[in-house]
Amino acid sequence: MSGAGAAETPGALADPAARVGRGWTAALALANGAVWAGWYGPIQVLLALQAAELAPPGTSKESVLAWVTGLGAAVSLVANPLFGALSDRTASRFGRRTPWIAAGVLGGAAALCLLAAARSVAAMAAGWCLVQLALNAAFAAVTAAVPDRVPHAQRGTVGGWLGAAQFLGVVAGTGLASAAGGIAAGYVACAVFTVLATLPYVLRYRDLRIGRGDRPPFAWRAFLAGFWISPRRHPDLAWAWLTRFLVNLGNAIALLYLLYYLRDALHRPHPEDGVLVLTAVNGVLLLATVVVGGVWSDRTGRRKPFVLWSGVIMAVATALLAGWQTWPGALVAAALLGVGFGVFTSVDFALLTDVLPAAADRGKDLGIVNIANSLPQVAAPALAAPVVTYLGGYPVLYLLAAGTGLAGALLVRRIRGVE
């Protein structure tokens, strides 16, 4: 193994000062993209196809898919902070994070192969829960590597590259799942890509190490109590978490029924093609701004204005879907959402790493932060369905999404420890 030399405590728990190189950033970003490919090949394509094949008579494929993905989401909510906390306490010759990245990716690949062989809904659900369990272990360690190694003045840039890799990983996983030539082949293709794309980081770059004597004595009560971060003691982290949750919830509500919006409100003849076009527009603008926003934030030394105005841009875009219900309006909204979410993705991640309470708990604390990414995916359907059905339809839905995201953006002003 080459790259940055290994260091033991106190280096592993110190605030990093040395800038990381482009190779390290590229390798970590590739590992991050690998995890997202392992998630989104199944989410976008394979689980839906498999649900259609395995749904028992009298049970809809939609219900099967909802139960399977819902169980997986529940596992994700627990697994990310749990494995982050375990990586914080890992004192191995390979470091704190790398063992969990390697084990998580290998376990996720094995679980994807189990999914390929699933012949019942129960086996499918068990396989997907194992995928979520393992890949969340890898993801928790990947994100924790940033505050471990990256100085504050470079975190926007690194966060931007991780955000770009996240989007490209979703595209790669979806493409592999679609082009592999079948459900089983799609799962295997995603598994192989996930492992291969993680190898450069695992094999080339040494992780920071802590000594066994630097870990606090283990007690179940203290370990479990550590998952509660008091908003009174750490208000900046609490406000940053709420900002991320509300902005992501607004975005999730906006995107949830996009196909139905095009079909039922805009009366597009081929709404699935419209979703593809809007996704492409959104993705191009996201990629164009995610790294630029992070670099710009680093150069100015400020985070809050970027988070605030990117949230405002996203709220305006979502409000357009309520008030300008035309195809050109949808295109403009998709473009603005891409710009806003691109900047938000990189800079908000940097802001969150800047307000983490303690170096010894970075993995656990970021795992709790990551709940603000996944919980909106669970909450959005529960909020959106009654609004569309009973409370005013799509105009009210998109105004709700805009208001939710705007509230999150405005709350970033309550953070005191970051400019």
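Phe-341 and Phe-344 are both buried, a term that stands for a relative accessible area under 20%, whereas exposed means over 50% and partly exposed lies in between, with a 1.4 Å probe and protein chains only. These two residues belong to a predicted model, in which local features need a pLDDT of at least 70 and side-chain atom pairs count only at pLDDT 80 or more, while totals for chains, interfaces and linings use all residues. Residues are numbered from 1 along each chain as its sequence is written, and side-chain values use heavy atoms, with hydrogens and water left out.

Helices here are DSSP runs of H or I with at least four residues, strands are runs of E with at least two, and both are numbered from the N terminus.

We can now turn to the aromatic rings. The structure holds 13 aromatic pairs, where rings of Phe, Tyr and Trp (its six-membered ring) pair if their centres lie within 6.5 Å, and where planes under 30 degrees apart count as stacked, over 60 as edge-to-face and the rest as tilted. In one of these pairs, the rings of Phe-83 and Trp-100 have centres 5.5 Å apart and planes at 50 degrees, and the pair is therefore tilted. Because Phe-83 lies in helix 2 (residues 61–88) and Trp-100 in helix 3 (residues 98–116), this pair ties together parts that are 17 residues apart in sequence. Phe-83 is buried, with a relative accessible area of 13%, whereas Trp-100, at 22%, is partly exposed. For Phe-341 and Phe-344, the ring centres are 6.3 Å apart and the planes stand at 25 degrees, so this pair is stacked. Ring pairs also link Trp-36, Trp-39, Tyr-40 and Phe-139 into a cluster.

What does the chain look like as a whole? Its radius of gyration, taken over C-alpha atoms and compared with a globule rule of 2.2 Å times the number of residues to the power 0.38, is 21 Å, which agrees with the value near 22 Å that a compact globule of 419 residues would have. Of these 419 residues, 51% count as buried. Contacts (heavy atoms within 4.5 Å) with a separation of 6 or more come, for 85% of them, from residues 24 or more positions apart.
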